[in-house]
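Q: Got the model open here. Can you walk me through some of the ring contacts?
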Amino acid sequence: MTSAKISVGEKDYELPLVVGSENEVGIDMTKFRAQSGVISLDPGFGSTGSCQSAITFINGEEGVLRYRGYPIEDIAENASFAEVSYMLIYGNLPNKTQLEEFSSKLTQHSLIHEDMKKFYEGFPASAHPMAVLSSMVGSLATYYPEKDEDGFDLNIIRLLAKAKTIAAFAYKRSIGQPFIYPQNNLSYCGNFLNMMFAVPSEPYTVDPVLEAALNKLLILHADHEQNCSTSTVRLVGSSHANMFASMAAGICALWGPLHGGANQKVIEQLKYIQRSGEDLQKFVDRAKDKNDDFRLMGFGHRVYKNFDPRARILKKSCDQVLSKLGVDDPLLDIAKKLEEVALNDEYFVSRRLYPNVDFYSGIIYRAMGIPTNMFTVMFALGRLPGWIAHWYEMRQDTSTRIGRPRQIYTGPAARDFVPVAKRG
Ligand code: CMC
């Protein structure tokens, strides 16, 4: 099987097939419109591939997720976020020297320019940290314009290193505490926790349980092929926009509650259910009711139709982290019961709706002391290496064209302009 045939009216068009390394098959439609004058229409892109990519493989039917060929279960258990970032961006796991060099650069470039601290004064203290993160990441373009290949590699480091500082500073600003500067003796995750939770007047030691939990969470979020935010990054980057600008756009796309913003909504929903004291079935019934806009947040996925392997890892991790930290969170019990009720309900079973990565992640973040409105920022920190890897892959590929979908126009047909005086 090397080609597909599409008939439009009386005419047949033979189109080449593209086969991926895991035998996924796509019809190459690039020349189709030029040949036929007809476009493919697929709002939401459920049946449309936007690129060929060697970064991440997902088999949604079987719950498989691999970064550069490595199963997510292995990486989440054994790797560091720094090495996963390197592997996603450069294609292979780093050797010892490469990892040391990369990690040390990630530490050395953690400081943000002192002038950038003034930007925080311009935002209201109540600003959502995702708005702050996207603005601050976009503003990095003013300090570090792209010049050459070296500049690009260095800018990758700068972005990864500074994003965690920007995020932690946003939190400190929101609670009126002084900024805590990054420290060179700490790991990526340790540094972030220190900047979030240390205060100048007291010694703070990073808890290894929190550090390991954060490392795992960031790895689980690190890439997920052509999701909404990654596609945004690629689309913006396809116009050859600056890397920081493309990342800022990705952060905005992630913020939405149907995407990364779901982790915040899950906790808000669980609290709402807890406060109501009502039976869980009532909320499941509301989620099924097409006249009610209530949805079970943290449920369902465009690609996973069996289970989300990240959610499976997180559910286990949730029990472990809470028990290690000695936290007893009633929201965890509600979440588990809600999952049970939903997974035994015909509506959820027939639509193959399962808990996704956002369902249990918030409960771990809560136990770690991270406030709810920072959850999506945590997702963004984790997703950065994935966005960078896709941006880099796209820009290295000289055959990439600007992303420019077409449409089917449904507005009025041509009509005459009537001057305002004659319009009555
Ligand atoms: N609660 C109730 N019904 C749902 C839900 C849900 N969470 N998710 C999907 N459905 C129903 C939907 O109403 C539709 O029903 P019907 O066939 O009768 O019209 C059917 O399931 C298919 O849903 P869809 O909206 O067409 O699916 P999609 O692929 O366009 O959307 C989704 C995927 C994740 C946006 C959606 O499942 C959803 O809104 N989930 C809640 C938000 C959420 O948890 N988002 C995080 C996604 S994972 C993190 C990430 O990578 O972004």
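This is a predicted model: local features need pLDDT of at least 70, side-chain atom pairs count only at pLDDT 80 or more; totals for chains, interfaces and linings use all residues.

Q: OK, switching to aromatic pairs. How many does the structure hold?
A: There are 22 aromatic pairs. In one of them, the rings of tyrosine 86 and tyrosine 90 have centres 5.0 Å apart and planes at 55°, so the pair is tilted.

Q: Where do tyrosine 86 and tyrosine 90 lie?
A: Both are in helix 3, four residues apart, or about one turn of the helix.

Q: Is tyrosine 86 buried or exposed?
A: Tyrosine 86 is buried, at 13% relative accessible area. Tyrosine 90 counts as partly exposed, at 30%.

Q: Which aromatic pair does tyrosine 90 form with tyrosine 392, stacked or edge-to-face?
A: Edge-to-face: the centres are 6.0 Å apart, with 80° between the planes. The pair links distant parts of the chain, since tyrosine 392 is in helix 18 (residues 375-396), 302 residues from tyrosine 90.

Q: Which residues make up the cluster linked by ring pairs?
A: Tyr86, Tyr90, Phe102, Phe152, Trp391 and Tyr392.

Q: Back to helix 3. At what angle does it pack against helix 4?
A: About 105°, with the axes 10 Å apart. Helix 3 and helix 4 are therefore roughly perpendicular.

Q: Which residues meet there?
A: From helix 3, Ala82, Glu83, Ser85, Tyr86 and Tyr90 meet Gln98, Leu99, Phe102, Ser103 and Leu106 of helix 4. By class, that contact has six nonpolar, three polar and one charged residues.

Notes:
Residues are numbered from 1 along each chain as its sequence is written. Side-chain values use heavy atoms; hydrogens and water are left out. Axes are lines fitted to C-alpha atoms, for helices over the stretch in contact, and angles run from 0 to 180 degrees between N-to-C directions. Helices (H or I, at least four residues) and strands (E, at least two) are DSSP runs, numbered from the N terminus. Angles under 35 degrees count as roughly parallel, over 145 as roughly antiparallel, 65 to 115 as roughly perpendicular and the rest as oblique. Contact means heavy atoms within 4.5 Å. Ala, Val, Leu, Ile, Met, Phe, Trp, Tyr, Cys and Pro count as nonpolar, Asp, Glu, Lys and Arg as charged, and the others, Gly among them, as polar. Rings of Phe, Tyr and Trp (its six-membered ring) pair if their centres lie within 6.5 Å; planes under 30 degrees apart count as stacked, over 60 as edge-to-face and the rest as tilted. Buried means under 20% relative accessible area, exposed over 50%, partly exposed in between (1.4 Å probe, protein chains only).
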